[in-house]
Amino acid sequence: MINSRPLKIVFLLVGALLFNYLFWRHPPGVNLTLFSTYLLVIVVLFHRKSLSRIPVLASIAAVLITSLAFTYHGSGYTFVIHFVSIFILVGFINQQGLRSIPFALPTALVNFWLLPSKFVKAIKEMETKSFRISSVFRFIRIAVIPVVLLLVFVFIFSVANPIFEGFIVDISEWFYDLMITLFDEETIFRSLFILWGTSLVAWVLIKNDVGGFASRESKLSEWITRTRKPRAIRHQTSNVLRSTYSLPKRNPLGLKNEYRSALILLVCVNLLIAIVNGIDINWIWFGFEYDGEMSLSNFVHEGTFFLILSIFLSMAIMLYYFRKNQNFYYKRKFLLVLASIWIAQNAIMVISVALRNIHYIEYYGLAYKRIGVFFFLAATLFGLLTLTIKIHKRKSGFYLWRVNAWSVLAVLVISSSIYWDGIIAKYNLEHQSVTVLDESFLFSLSNGVLPLLDSELRSYSSKKMLDSNTSRFVYNYEALSWQSWNYVDYQAFNYLKNNNHENR
């Protein structure tokens, strides 16, 4: 790991200039991949020790995948997930002991919050006898309070006296004109823009003392350990009263009562869910026919909502009953069987919701939320799998949070890597004879689908809207620089240019 301060300053300045060159007045495109690559170079050079840890390597992979995916199709959703991936990476490289995303996120946030104080500390260390930074800050502290109070009184007098208010407005306009004369508006905003880029580079480059989250996480174990309360036995030896401790041989009454409560609950809930699943299997799995009267939207959304509710209730109940010593109760095997059946029945509910969603797509086509349902169900199935492992292997609640947080990140990264607009447009156009084609929705998709719409849409009104969107896209694309390049828009532009759409 490189610790040279001059070298860090060089990378910080180069990063700020690179950010300005790549992004000033240039929408995100390939510039995002280039800048992210620069940040990863900083990670390799200045945080080399962290590269041996799996969480860091997984976060780097997420940053790379999402940046390349954004260069391919330029989705706003991918842009958000890319920034989240960087956020998580910063958290992990800041603290060596971190293992879980829920603790990495606040670590990264606090690290960014502490950057100004880090800069101030660095500047103070550079002070000399002839130039003491502490004196400057002391003067600022002395001046700030009077200035703030003066502004408060100016505001009060402005509200109370219209003539004084006009006087203050004139002074404000004069001051604004002076600032614009000395520093034009673009210079001011560009300086703030460079400052933002510098902050991003410093966020990755500089580590702050944010050990509290790592310390708290280190106290959490993925395994449940058996705890036994000692029982005092008082006896007298040689006329001296002593206390010794022995473990109770029999299970406490509270543990038995808890076992009976869990047993009754699991039996009853399993019977209830079995009835619901039986109805769904008979109705949805085999021979489903849409009569046109039922709302398929509610059919899917209500099923998804109740699935979420059922899953969270299941997890809460499992976490309660399979905590601490209940995991070591000698009769737990029958409880494990009932719990496993309950989890399996929840998995059946997941399949039922997936089939509801498929039927919805068959009649109304693909859309973002309908695709999102499948990814949610995939994450849910994984959650049920980890819940099964938790109760059978005596894992802790922290294990569930850690593993499922990683599964959610994996789902987000995978889902953001695919160009869904193209898939949605292609599917809906290919099935327009059997589904309800929402043309307004198709035109709300990204510009990359315009060639597909041009080749498939036939109605006059659609062609008119298509020509309008195409002309606007071609005009705007020609004004873009190479920094904003992405593959999908590039392909669409070439197709439309070759078909002379700009002259229509």
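F288 is buried, with a relative accessible area of 12%, where buried means under 20% relative accessible area, exposed over 50% and partly exposed in between, for a 1.4 Å probe and protein chains only. The model is predicted, so local features need pLDDT of at least 70 and side-chain atom pairs count only at pLDDT 80 or more, while totals for chains, interfaces and linings use all residues. Residues are numbered from 1 along each chain as its sequence is written, and side-chain values use heavy atoms, with hydrogens and water left out.

**Aromatic rings**

- A pair of aromatic rings is described by the distance of the centres and the angle of the planes.
- Rings of Phe, Tyr and Trp (its six-membered ring) pair if their centres lie within 6.5 Å, and planes under 30 degrees apart count as stacked, over 60 as edge-to-face and the rest as tilted; by this rule the count comes to 24 aromatic pairs.
- The pair of Y21 and W482 is tilted because the ring centres are 6.2 Å apart and the planes stand at 50°.
- This pair links distant parts of the chain, 461 residues apart, with Y21 in helix α1 (residues 5-23) and W482 in the loop between α19 (460-478) and α20 (487-498); helices (H or I, at least four residues) and strands (E, at least two) are DSSP runs, numbered from the N terminus.
- Y21 is partly exposed at 46% relative accessible area, and W482 is partly exposed at 45%.
- W283 and F288 form an aromatic pair that is tilted, with 6.3 Å from centre to centre and 55° between the planes; W283 is partly exposed, at 36%, whereas F288 is buried.
- Ring pairs also join F19, F23, W24, F35 and F193 into a cluster.

**A charge over a ring, and a buried valine**

- The charged end of R370 sits over the ring of Y360, 4.4 Å from its centre, under a rule that asks for NZ of Lys or CZ of Arg within 6 Å of the ring centre and within 35 degrees of the ring normal.
- Y360 is also touched by V300, which has R356 and N357 among its other contacts when residues up to four places away in sequence are not counted; contact means heavy atoms within 4.5 Å.
- V300 is found in helix α12 and counts as buried at 1% relative accessibility.
- V300 and S352 are 52 residues apart in sequence, and their C-alpha atoms are 9.7 Å apart in space.

- On a 1 Å grid over the protein atoms alone, a cavity is a set of points where a 1.4 Å probe fits but cannot get out, and a pocket is an open set with protein on both sides within 12 Å along at least five of seven lines; lining residues have an atom within 4 Å of a point.
- Grid points are joined across faces, edges and corners, and a volume is the space filled by probe spheres set on the points.
- The largest pocket holds about 1200 Å³ of space, and of its 49 lining residues the closest to its centre are Y77, V408, V411, L412 and S415.
- Helix α15 gives the most to the lining of this pocket, with 10 residues.
- A search of the whole structure finds one cavity of 30 Å³ or more, and the largest cavity is lined by S36, L39, L40, V43, V63, I86, L89 and V204.
- Its lining has seven nonpolar residues, one polar and no charged, where Ala, Val, Leu, Ile, Met, Phe, Trp, Tyr, Cys and Pro count as nonpolar, Asp, Glu, Lys and Arg as charged, and the others, Gly among them, as polar.
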